[in-house]
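Take a moment to turn the model around and trace its chain from end to end. Then let's work through some questions together.

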Amino acid sequence: MTQAARTTNEDELAARLAERLLGWRIGPDRFIKPGRSWSPRSRFRPFEKLADSFQLLDRADSFSVTSTHRGRYIAEVHSGGRRGEACGEQMARVITTALARALGMEI
C-alpha cells in the first residue's frame, strides 16, 4: 500500500471514529462538533497525535496499554462487548488501531 493510500484510509477511519465515538458530524473539510463549533479535519490525527488517540480512548469501556522493554506498545481495548488489540512502536497508532478493531472497523 502506498503512503498516499495509507493516509487516505487513515483519514477516513479517523473521521468514522470521530463520528461514532465523539458524536462529530463529518463535513467536506471539517468536523462539526456538538454545540455547532467546528474543527478542521486536518487537525484531528489520532494515528499520529497521542492527545487525539486518548480523546477516542476515553469513550472505550475499558482498556490497557503497556510498553515492552524493546520500545513497543501493546493496547487492548474493550468497547460494546468487543475486544481489539494492536501492537507497534507508535503509541497513538497502536491505541487507535486497537480501538477501531474493537469497534469492528476494517483497518
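**Reading the fold**

Q: In which order do the three strands of the open sheet that includes β4 lie?
A: Strands are DSSP runs of E, at least two residues long, while helices are runs of H or I of at least four, both numbered from the N terminus. Two strands count as paired if DSSP finds at least two bridges between them. The pairing in this open sheet is antiparallel, and its three strands come in the order β4-β5-β6.

Q: What is the average twist from one strand to the next in that sheet?
A: The sheet is open, in the order β4-β5-β6, and its edge strands, each pairing on one side only, are β4 (62–67) and β6 (82–88). Going from one strand to the next, the twist averages 10°. Angles run from 0 to 180 degrees between N-to-C directions, with axes being lines fitted to C-alpha atoms, for helices over the stretch in contact. The value to keep is 10°.

Q: What pLDDT do local features need in this model?
A: Residues are numbered from 1 along each chain as its sequence is written, and side-chain values use heavy atoms, with hydrogens and water left out. The model is predicted: totals for chains, interfaces and linings use all residues, side-chain atom pairs count only at pLDDT 80 or more, and local features need a pLDDT of at least 70.

Q: How many bridges join β5 to β6?
A: On the β4 side, six antiparallel bridges link β4 to β5, with Thr66 opposite Ile74 in β5. On the β6 side, Tyr73 has Gly88 in β6 as its bridge partner. Strand β5 (residues 73–79) and β6 run antiparallel, and the number of bridges joining them is seven.

Q: Which residue takes a positive phi in the hairpin of β4 and β5?
A: This hairpin has five residues between the strands. With a phi near 80°, the residue in question is Gly71.

Q: At about what angle to β6 does helix α3 run?
A: Helix α3 covers residues 91–102 and lies across β4, β5 and β6. Its angle to β6 is about 155°.

Q: Which residue in β2 stands opposite Arg25?
A: Strand β2 spans residues 30–32, and two bridges join β1 to β2 in antiparallel fashion. Opposite Arg25 stands Ile32.

Q: Is Ser39 buried or exposed?
A: Ser39 sits in strand β3 (residues 38–40). Leaving aside residues up to four places away in sequence, Ser39 touches Arg30, Phe31 and Lys33, where contact means heavy atoms within 4.5 Å. Buried means under 20% relative accessible area, exposed over 50%, and partly exposed in between, using a 1.4 Å probe and protein chains only. Because its relative accessibility is 12%, Ser39 counts as buried.

Q: Within what arc do the buried residues of α2 fall?
A: Helix α2 (residues 50–57) has Asp52, Ser53, Leu56 and Leu57 as its buried residues. Viewed down the axis of α2, they line one face of the helix, because the arc, taken from the directions of the helix axis to the C-beta atoms, is within 140°.

Q: In what sequence do the elements of the protein chain run from the N terminus on?
A: The protein chain has three helices and six strands. From the N terminus on, they run α-β-β-β-α-β-β-β-α.
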